[in-house]
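I opened a new notebook page for this structure. I wanted to look things up one at a time and write down what I found.

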Amino acid sequence: MEKSKAEVPYGTMDLLILRTLETVGPMHGFGLARRIEQVSESIVHLNQGSIYPALLRLQQKGWVATKEGTSENGRHAKFYSLTPKGRRQLQIEVENWERAAALVARFLEETS
Amino acid sequence: MNLRMWMAKITALFKNQMLEDELEKDIQEHLEMATEEYIRRGMSPRQAAEAARRSFGGVDKIKEEYRDQRGIPLWDSLSRETRFAVRSLRRTAAFTLLAVLTLALAIGANVTIFGAINRLLLHPSGVSEPDRVVVIRSGYDKLNIRNLVVSFSDFNQVSDSSDVFSAAAIAKTASFTYIGDQYPQRLAALRVSWRWFDVFGARPALGRLFTAQEDRPGKDHEVIISYAAWQRVFGGDASIVGKSIELDQQLYSVIGIMGPEFTFGINELGRVSGQTHDIFVPLAAHPDSPPLLYTETYLCVARLQNGVLLPTAKSFMSVLTNRGLHDPLAGKPRQENGWGLSMLPYTEFTGGDLRMPLLILWGAVAVVLLIACANIAGLMLARASARSRELAVRSALGASRWHLFRLILTESSILAFAGSILGLGVAYAFIRAIEVASPSSLVGALRIPFDLPAIVFTGAAGILSCVLFGTVAAAHASAGNRFEAIKAGGRSGTASVEKARLRSILVGAELALAVVLSIGAGLLLRSLSRLHAVDVGFRPEGVMTASVTLPESRYKEPGPQRAFYRGVISRLGSLPGVQAAAAGYPLPFSSGFEERPFRIDGHPTTSGPALTAQVRLITPDFTAALGIPVIRGRPFTDQDADRSEKVMLIDEVAARRFWRSEDPLGQRVVLRSGLQATIVGVVGHTKQSDLASDSDAPVFYYSLFQAPLPLGSLVVKSSGSPLPASAIREAVNSVDPAQSIYDVATMEERVSGALGTKEFTVILLAVFAAIAVFLAALGLYGVVNYGVTQRTQEIGIRMALGAQQSQVLNLILRSGLQFTLAGLFFGWLIAFGVARRIPDQLFGVKPFDPLAFVSMSFLMSAVALLASYVPARRAMRLDPLEACRHE
């Protein structure tokens with residue numbers, strides 16, 4: 001494993017999951033993990049398993065719901081989807097993130 | 001975390017297994033999907049499965065994270081630790097059993113004594129908010145008379161002060177003869193003013209309480225029956241309410257039955273006595289003439305008004321005192337003699353006699369609990385040493401100190417919990433045993449409740465003991481260098497040495513405390529035997545006594561009274577085996593004595609306080625029946641009754657005090673009541689109520705035939721065993737079938753009854769001391785035995801080098817002796833301090849009684865020697881070869 005590939009930064013996992021669910025719609029755990037992995041492959045290293053505790057946290061907060069379903073390969077699986085509350089939360093998280101990112105960016109510009 | 005998340009987590013606690021399966025399924029599905037994809041990409045199934053696992057990350061780590069997110073980590077680890085601790089305690093069953101039993105014994109003893117204290121000193125039965133109930137007493141400072149009953153005018157002052165007292169009442173003990181289906185019975189009664197029950201916040205179980213109208217002379221023929229008497233006398237018949245019963249040949253209508261919890265046996269003296277009141281009748285006291293108004297006659301109780309604190313109410317007593325002193329009708333005696341009113345809490349009033357013994361017992365059981373905790377802490381330390389290797393491995397594998405600390409603490413909590421539960425059972429057994437064994441004078445009073453406060457106290461004792469032994473053991477188990485322990489193979493190492501030192505201190509402390517308790521018990525046992533040896537001044541053997549009270553309606557005049565006594569005595573005297581029959585009032589070792597002022601004819605009247613003596617009325621054979629020696633002159637004879645000249649006897653104390661240089665015989669004494677009599681004899685002094693403290697008050701004897709009384713006690717001396725009560729009852733009923741006898745007891749019972757409470761508490765203390773000695777010996781055995789195990793190899797080498805068995809024995813015994821000597825030394829120090837504080841409880845024994853100190857120390861040493869001999873013998877019998885190989 002290359003050292004430059006960091007672990008997913010703490011707190012961003014929620015955002016990644018919510019955002020992915022918004023884009024692709026209801027999805028099973030493996031699909032979500034693969035998707036996030038693909039998008040972030042070049043930047044961070046992701047243990048696929050680590051999305052499960054995060055998914056549980058989002059469920060407990062009521063942002064994500066689960067439903068039994070069948071995968072594209074005809075396999076039985078648990079599907080995760082965004083709740084309306086989760087959608088609103090995503091909005092907030094995105095705004096927060098952008099604000100934080102902008103702040104960091106400005107800070108970096110000024111000091112460099 | 002928000003509420004929703006907590007809800008999710010708490011529900012998760014209850015669906016643990018289901019959720020665990022679901023997680024397993026989800027992960028399985030994920031891995032299968034991933035494997036399929038890798039296969040699609042061209043990997044072999046085995047490679048694909050491997051790759052899927054790798055990209056998933058550590059399955060167990062993810063699961064753990066998931067579980068933490070799902071549940072409440074602390075709870076999960078707690079329940080895990082509990083399961084683990086239970087497993088490990090089960091592995092060392094002998095240790096666990098010993099610890100739990102020790103604790104149960106100690107907690108049981110504590111709960112029992114707490115129950116007694118709670119019932120007798122804190123929350124007497126049947127009284128609501130007992131801390132608001134007070135007793136008003138009067139006293140004469142200058143006469144050194146305190147704790148006296150109050151007068152009717154004082155009661156009026158109290159009951160008029162409604163801003164301080166919400167209710168006040170007075171009472172006076174009495175008794176009535178009830179003629180039921182069988183023979184007449186004497187019912188113990190309390191005449192009460194109408195708000196009596198309001199003061200105690202008591203309500204009747206059936207019917208109603210008295211009204212103000214019923215508390216008037218002439219309208220007072222109502223009666224309220226206590227629950228116990230209702231059951232005993234009336235068979236629990238509910239229809240009795242509203243009916244009339246005959247008391248002293250007058251009709252009283254039953255208006256109420258008190259509940260079973262309203263049982264109290266208080267009297268004017270405030271002693272807790274076994275005898276409870278059977279019935280309550282209105283006092284109906286409305287004296288209006290000054291002498292009656294100002295005579296101290298009544299027991300006065302009051303309930304504090306809401307918001308009034310005890311100190312406030314106490315200071316209000318000085319206001320009332322001031323009013324009483326300036327009452328123009330009260331006359332001068334109050335001011336001259338420093339009259340005043342005082343107040344004390346009801347529980348202090350009733351618990352007076354038992355307070356100190358109970359507190360001593362509480363101290364004793366607290367010490368027993370301390371010893372038990374020290375013992376268990378010692379056992380846990382020994383256990384920790386034995387498993388130091390296990391603990392070291394655990395910590396090497398990543399268990400933090402906090403983790404190990406928690407592990408030991410969890411084990412302690414489980415022990416404490418089990419000990420408390422079992423302790424409740426032990427307490428129950430103790431309480432039953434006390435009920436069976438308690439002396440008759442305490443039967444009513446010592447009904448220790450097994451209730452919520454007892455259970456709460458058990459819990460508190462359990463938690464306290466857990467803290468006491470748990471933290472000591474846990475702190476030590478988690479400290480120390482564990483890598484040393486691995487290297488040392490669990491046998492020695494610094495941590496072990498430290499633990500051994502701590503154990504030694506614990507055992508030394510246990511022995512010291514046991515020494516203190518046994519010396520204390522020894523002192524009190526010695527006092528008790530001294531009390532038993534006290535000469536009461538008469539011969540109680542073979543003497544039966546019973547009391548009669550003749551109703552005013554038929555025995556108002558002296559004639560019928562005299563005839564009654566003569567008839568009964570002559571009948572009793574003619575019974576076979578009876579040596580002497582007599583009547584008298586009051587008997588020794590019963591109440592009824594009164595101080596009477598008098599003057600001696602021909603002596604100059606002095607200006608100081610009047611001479612007083614106690615007065616006893618007797619028939620001629622009284623001195624013979626009780627074996628009271630006649631020192632000078634003669635006893636009463638039958639002829640005295642018919643003569644007009646009144647005669648009297650005095651006791652030796654009176655002779656010494658009032659006729660120092662003169663011959664008392666032939667002198668005339670005039671009582672303030674007007675009775676004049678000539679002294680014809682001097683008799684021996686008798687103890688009156690207490691073996692320990694004799695009032696040494698002089699006693700005058702008058703002839704019951706010359707000054708008859710409507711009440712008295714029959715005294716019958718038999719050559720063999722005391723006459724049965726039925727014979728006395730028959731004799732009484734053959735003279736008057738309507739009369740009953742009551743307060744039936746042999747003279748020996750009366751005398752030992754005075755000792756009953758003391759005897760009982762001393763025996764209890766001795767039992768607790770024995771438990772303490774046993775537990776301390778157990779602790780000593782544990783330490784010495786552990787020492788033998790630790791030194792097995794050393795002993796083997798010594799023996800191989802030629803040490804004799806006796807030398808090995810000495811070696812081990814010496815280590816036990818060190819603890820014992822240390823325990824004795826510190827025990828003596830503490831015992832000196834304690835003994836000095838309980839002189840009231842000692843009789844005829846100095847606080848530093850050498851016999852008690854030495855004998856108890858010998859006893860303790862013998863037990864300690866035995867406790868170390870058992871492991872020493874084991875060491876002596878060791879096979880040197882085996883021992884050298886010992887790991």
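My entries follow, beginning with the ground rules.

**Ground rules**

I am working with a predicted model, where local features need pLDDT of at least 70, side-chain atom pairs count only at pLDDT 80 or more, and totals for chains, interfaces and linings use all residues. Residues are numbered from 1 along each chain as its sequence is written, chains are lettered from A and ligands numbered from 1 in the order in which they are written, and side-chain values use heavy atoms, with hydrogens and water left out.

**Entry 1: chain A**

I began with chain A. I found four helices and five strands there. Helices (H or I, at least four residues) and strands (E, at least two) are DSSP runs, numbered from the N terminus. Along the sequence, the order in chain A reads β-α-β-α-β-α-β-β-α.

Next I looked up burial. Chain A has 112 residues, and 44% of them are buried. Buried means under 20% relative accessible area, exposed means over 50%, and partly exposed lies in between (1.4 Å probe, protein chains only).

Then I turned to contacts, meaning heavy atoms within 4.5 Å. I took the contacts in chain A between residues at least 6 apart in sequence: 56% of these join residues at least 24 apart.

**Entry 2: where chain A meets chain B**

How many residues of chain A are in contact with chain B? I noted 27 from chain A, in contact with 25 of chain B. The two chains bury about 2300 Å² between them. Of that area, 53% is on carbon and sulfur atoms. Buried area is the accessible area (1.4 Å probe) that two parts lose on being put together, summed over both.

I looked for salt bridges next (a side-chain nitrogen of Lys or Arg within 4 Å of a carboxyl oxygen of Asp or Glu). The rule finds three across this interface. I wrote down the salt bridge between Arg34(A) and Glu37(B), whose closest N and O atoms are 2.9 Å apart.

Which element gives the most to the side of chain A that touches chain B? It is H3(A), with six residues. I also sorted the residues on this side of chain A: eight are nonpolar, eleven polar and eight charged. Here Ala, Val, Leu, Ile, Met, Phe, Trp, Tyr, Cys and Pro count as nonpolar, Asp, Glu, Lys and Arg as charged, and the others, Gly among them, as polar.

**Entry 3: aromatic rings**

I counted 28 aromatic pairs over all chains. Rings of Phe, Tyr and Trp (its six-membered ring) pair if their centres lie within 6.5 Å; planes under 30 degrees apart count as stacked, over 60 as edge-to-face and the rest as tilted.

Phe200(B) and Tyr346(B) make an edge-to-face pair, with 5.2 Å between centres and 65° between planes. Phe200(B) is in helix H8 and Tyr346(B) in helix H13 of chain B, so this pair ties together parts that are 146 residues apart in sequence. Phe200(B) and Tyr346(B) are both buried.

Phe262(B) sits in the loop between strands S8 and S9 of chain B, and Phe280(B) in S9, 18 residues apart. Both of these residues are buried. Ring pairs join a cluster that includes Trp196(B), Phe200(B), Phe262(B) and Tyr346(B).

**Entry 4: Arg750(B)**

I found Arg750(B) in helix H24 of chain B. Is Arg750(B) buried or exposed? Its relative accessibility is 9%, so Arg750(B) counts as buried. Its side chain makes a polar contact of 2.9 Å with that of Thr545(B). Beyond its neighbours within four places in sequence, Arg750(B) is in contact with several residues, including Leu587(B), Phe589(B) and Asp743(B).

Most residues other than glycine have a negative phi, and most peptide bonds are trans. I looked for exceptions. The peptide bond from Tyr585(B) to Pro586(B) is cis, with omega near -10°. Pro586(B) lies in the loop between strands S13 and S14 of chain B.

Glu129(B) is not a glycine, yet its phi is positive, about 45°. I placed Glu129(B) in the loop between helix H6 and strand S1 of chain B. At 45% relative accessibility, Glu129(B) is partly exposed.

Ala284(B) also has a positive phi, about 50°, without being a glycine. At 12% relative accessibility, Ala284(B) counts as buried.

Key: A polar contact is a pair of N or O atoms within 3.5 Å; within protein, one must be able to donate a hydrogen and the other to accept it, and residues adjacent in sequence count only if both atoms are side-chain atoms.
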